[in-house]
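Visitor: I have not looked at this structure before, and I would like to be taken through it step by step.
Guide: Let us begin by looking at it together, and then take your questions in turn.

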Amino acid sequence: MRDYLVESLLHSIVAGFFVEALIAVWRLDAARCRLLLRLVALCLPLVLPLLFGWLAPFRHEDWFIDGPALLAAAHWSEAWPIAPRVVSLTLTAAGAIGAMLFARDLVPVVAECAAPRNFRSADPGHRFADALEAASPADKGRAPFAIIHSAEPLLFVRGAFAPAVVVSTEAVARLDDRQLRAAVAHETAHVIRRDAMLGWIVMALRLAGIVNPVAQILGRAIIRDVEAAADDYAVEVTGDRVALATAIVKLTTEGPATARPVACRNRTLRPDLLAALWGRMGAAAVERRCRRVLARRTSAETRSNVRATATAVVLGTLLFFVV
Amino acid sequence: MRDGARIMMGLASVGVVTIVLLRALDSIPAALSAGARGVIRVASIADVQRRVDAPLLLPAYFPDTLRWPPTDVRFVRTPHPGVTLAFAGRQSGRARLIVSQSLDSNAAPGVGSHADVAVLHETSIKLEAGPGTLRRLESADGTVWQELTSTIRGRNVRLRYRGSARELIAIAQGLREDSSEASP
């Protein structure tokens, strides 16, 4: 188990570096393509150590470690008498950081699911229906939706197997026509691409690599890519970058009509300093996302599958020599 | 076509950089412990005997001028396993006796070579265990060493000693297999 953890962590570091370097070298702006590459970097280190251990047990023999291996953890752990203890400490620290990163993303989801909500259904307004109609591809028809009566400006996709766009009356009221079209187009992209399912798959992979902080960081980056890909779709469909950016700001930084802003919610649960840091990080993420929406050049997703497949093959081959 | 070439170029360049970085990272432990790739340092004779799963030849005769236990214990596993023990002097703390031995009769003895020394004199000698070669060496820093190479109990052995040739021969004659780490 310890050997698997060491190898998986090493593979994740190498895979993370390899994929991020490729993204930079290829100057990949298309979020969908980046997402696929990062999925490769997330999946391979979880699977390959087991697969290689089963198919090629000779990788852990001395001749391989001291011969063709490109990087052998054994060389580090055997270099100094205290090295095995350092490796154990590093693994423990990595495990703690990985579990914290996973919990940081899992706890809000669980809390959201567990929170009692008194949503009441509301009639779909014609503005929302028109926006959904415009955002949905002609051949697939209008995406399923649900409108709820709530004082919170909510707009999200619910359901992994049968995804539907959920919007609150407050969100419809708060966004103007252009913003509503852009925001609904963003959510429609999630429905079309079944991103909710992908999100759960990524969470499952992160759970499998819970003690691996690199896997957790890659998992978070994938979710950011999912959002960016949906932004790209919305910009493509509506052609209105400003409307999408302002809708993002309105929905993510402004809270319920009768309550404090979203960024301030739940602060009572955390010490002030942590809450301030949390709020600042959230605001910075929104700002980055808006900047990307406003600045993104229109670049086609060229050969995403070819890139991902070629990356998986080359990276898999490289990782074979990392033991 | 142009896209395909760009994809291949990107993969190749990142692949090469990754390979170079991995190799560099892998050679750091050996560089820090002043050894070659694959040379492993351990804390004690017991450790190395456990790792190589074989008893070592240890000197039964051990001059008072040397300090026990060895200050440096190294071994290599591939291509041919070998062990090197370095013993410091009681006064200086610098290495005075280096015992290298192969664990495979076809292999050179342990870690190290003649690359860093000049051979001043060489003569053949006869030990109880068989023939051997006695050399007088000068290292790059001007230190003069006596070196004795021979095959003792099926192992190729090389001893280097900063002291008299007579003492070195006595040490070589006293090499015995020993699985314990007790001081001789």
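**Where the chains meet**

Visitor: How many residues of chain B are in contact with chain A, and which element of chain B gives the largest share?
Guide: In this predicted model, 26 residues of chain B are in contact with 28 residues of chain A. The elements of chain B that give two or more residues to this side are helix H1 (2-32) and strand S1 (39-42). The residues on chain B's side divide into 13 nonpolar, seven polar and six charged. The largest share, 17 residues, comes from H1(B).

Visitor: Which residues touch the most other members of the largest nonpolar core, and what does A:Val184 contact?
Guide: The largest nonpolar core has 82 residues, and those touching the most other members are A:Val165, A:Val167, A:Val184, A:Ala234, A:Leu244 and A:Val322. Another core, of 32 residues, lies apart from it and includes B:Val42, B:Val99, B:Tyr161 and B:Leu175. Leaving aside neighbours within four places in sequence, A:Val184 is in contact with A:Phe128, A:Ala131, A:Leu132, A:Ala135 and A:Val165.

Visitor: How are H9(A) and H10(A) oriented, roughly parallel or roughly antiparallel?
Guide: Two packed helices are described by the angle between their axes and the distance between the axes. For H9(A) and helix H10 (residues 213-238) of chain A, the axes are 9 Å apart and the angle is about 170 degrees. Because angles over 145 degrees count as roughly antiparallel, H9(A) is, relative to H10(A), roughly antiparallel.

Visitor: How do the residues of the contact of H9(A) with H10(A) divide?
Guide: On H9(A) the contact includes A:Leu198, A:Val202 and A:Leu205, while on H10(A) it includes A:Ile222, A:Ile223 and A:Val226. The residues of this contact divide into eight nonpolar, three polar and two charged.

Visitor: Is A:Arg27 buried or exposed?
Guide: A:Arg27 lies in the loop between helix H1 (2-25) and helix H2 (31-55) of chain A, and its phi is near 50 degrees, a positive value in a residue other than glycine. Most residues other than glycine have a negative phi. Because A:Arg27 has 9 C-beta neighbours inside 10 Å, A:Arg27 counts as exposed.

Key:
Residues numbered from 1 in each chain as written. Chains lettered and ligands numbered in written order. Predicted model: local features only at pLDDT ≥ 70, side-chain atom pairs only at ≥ 80, totals over all residues. Contact = placed C-beta atoms within 7 Å. Helix = DSSP H or I, 4+ residues; strand = E, 2+ residues; numbered from the N terminus. Nonpolar A, V, L, I, M, F, W, Y, C, P; charged D, E, K, R; others polar. Core = buried A, V, L, I, M, F, W, Y, C linked by C-beta atoms within 7 Å. Buried ≥ 20, exposed ≤ 12 C-beta atoms within 10 Å, placed from the backbone. Axes fitted to C-alpha atoms, helices over the stretch in contact; angles between N-to-C directions. Parallel < 35°, antiparallel > 145°, perpendicular 65-115°, else oblique.
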